[in-house]
Amino acid sequence: MTSRARQPQASEERNEMTAVTENHKTTEQVENSGPVHGAELVATNVNKVYSRAGQKFHAVEDVSVTIKPGEFVCIVGPSGCGKSTMMNMATGLLEPTDGELALDGEPIRGPSPDRGLVFQKDSVFPWMKVIDNVTYGLKCRGVPKEERMSIARKFLAEVNLTHVEKSWPKELSGGMLKRVAIATAFSNAPKLLLMDEPFASVDYVTRLQLQKTVLDLWAEHRLTVMFVTHDVDEALTLADRIIVMTNGRVVDDRRVAAERPRRLEALSTPTMLEHKASMLQHLGLPTEGGA
Ligand SMILES: Nc1ncnc2c1ncn2[C@@H]1O[C@H](COP(=O)(O)OP(=O)(O)OP(=O)(O)O)[C@@H](O)[C@H]1O
Ligand SMILES: [Mg+2]
């Protein structure tokens with residue numbers, strides 16, 4: 001007899017997609033409703049200059065931003081504007097040419113479990129079963145087996161993947177792999193979660209499910225999130241604050257005070273449409289009736 005746990009019913013999968021995110025709160029509500037686990041990220045006059053074919057190229061130019069503890073911030077901008085470069089500097093994997101990034105006052109000098117990562121390409125080890133992927137970081141940090149299994153199972157349950165704990169990554173769909181990556185990131189209790197176009201390669205419905213999963217976990221664990229996306233609607237659905245970058249610079253930084261949960265129709269309210277039109281202008285895209 002195999003010991004596979006029961007598969008979720010089709011109705012459960014649908015519920016996950018359509019359930020309203022009733023518990024979501026704005027950053028202010030989250031801040032005011034108890035301790036925030038997230039850390040403050042401060043970037044001060046950050047520059048990154050790459051060398052390309054013997055030429056210097058300024059990929060990030062004099063960026064100064066402060067992301068408050070518990071804030072959900074999206075970074076939007078066209079391809080090549082420096083979003084991933086900013087993100088990679090926040091991970092500590094890439095050093096700024098000039099300027100500094102600090103987390104809760106500590107300069108970022110290299111990777112740390114304080115910072116969780118979910119990137120566009122799958123951040124799941126194909127040679128490890130799902131449960132081993134999720135527990136890997138905890139194991140590396142010496143967390144005892146029983147405790148790490150319990151943490152991993154809690155987060156696998158939160159992303160609705162209990163039934164594939166013993167599966168290999170190759171047996172999972174793209175959306176499920178993303179959920180493994182999310183469970184892995186949250187298992188390490190990061191103070192800052194860095195997500196670089198994590199849902200760019202998944203279909204629309206799966207993307208909505210994954211957005212809900214991340215919002216649920218963010219509201220529950222109150223960490224700081226920096227989320228890169230090309231998609232203005234995705235940013236308006238997720239963020240309390242949206243930073244627009246073009247050509248390596250921050251050209252717009254706005255607060256989205258819309259109530260949560262934000263259903264799909266919330267994107268069509270006059271305020272949201274104004275946000276969208278204004279951001280598209282910053283991105284240099286023509287808008288209907290716009291300038
Ligand atoms: N290692 C590197 N060496 C040289 N140039 C680089 C390097 N990494 C990135 N760049 C350049 O820096 C610029 C910004 O790249 P980055 O990856 O940050 O863009 P992005 O905004 O994330 O784009 P996308 O939306 O396509 O992912 C691009 O012009 C890119 O070619
Ligand atoms: Mg990128």
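This tour moves through a predicted model, from its ligand to its nonpolar cores and then to a single threonine.

Begin by selecting ligand 1 together with the 14 residues around it, of which Arg52, Ser79, Gly80, Lys83 and Thr85 come nearest. If you colour by secondary structure, you will find that β1 (41-52), β2 (55-67) and α3 (83-91) each supply at least two residues of this shell, and that the largest share, three residues, comes from α3.

Next, display the polar contacts to the oxygen atoms of ligand 1. A side-chain N or O atom of lysine 83 is 2.7 Å from one such oxygen, a backbone N or O atom of glycine 82 lies 3.0 Å from an oxygen of the ligand, and a polar side-chain atom of histidine 230 is likewise placed 3.0 Å from a ligand oxygen. Taken alone, ligand 1 exposes 640 Å², and the protein buries 66% of that area.

Now select Phe72, Ile182, Met195 and Ile242, which have the most contacts inside the largest nonpolar core, a set of 50 residues. Helix α6 gives the largest share of this core, eight residues, and at least three residues come from each of domain 1 (27-114 + 191-281) and domain 2 (122-189). A second, separate core has 24 residues, including Ile67, Met87, Leu192 and Leu194.

Finish on helix α6 (residues 174-187) by selecting threonine 184, which counts as buried because its relative accessible area is 17%, under the 20% limit. A polar atom of its side chain lies 2.7 Å from the backbone oxygen of valine 180, and, leaving out residues up to four places away in sequence, threonine 184 touches Asn133 and Val134.

Technical notes:
Residues numbered from 1 in each chain as written. Chains lettered and ligands numbered in written order. Predicted model: local features only at pLDDT ≥ 70, side-chain atom pairs only at ≥ 80, totals over all residues. Heavy atoms only, no water. Helix = DSSP H or I, 4+ residues; strand = E, 2+ residues; numbered from the N terminus. Buried < 20%, exposed > 50% of the residue type's maximum accessible area, 1.4 Å probe, protein only. Polar contact = N/O pair within 3.5 Å; in protein donor to acceptor, adjacent residues only side chain to side chain. Contact = heavy atoms within 4.5 Å. Core = buried A, V, L, I, M, F, W, Y, C linked by side-chain atoms within 4.5 Å. Domains from an automatic or database assignment. Near = heavy atom within 4 Å. Areas by Shrake-Rupley, 256 points an atom, 1.4 Å probe, with all protein chains shown as cover.
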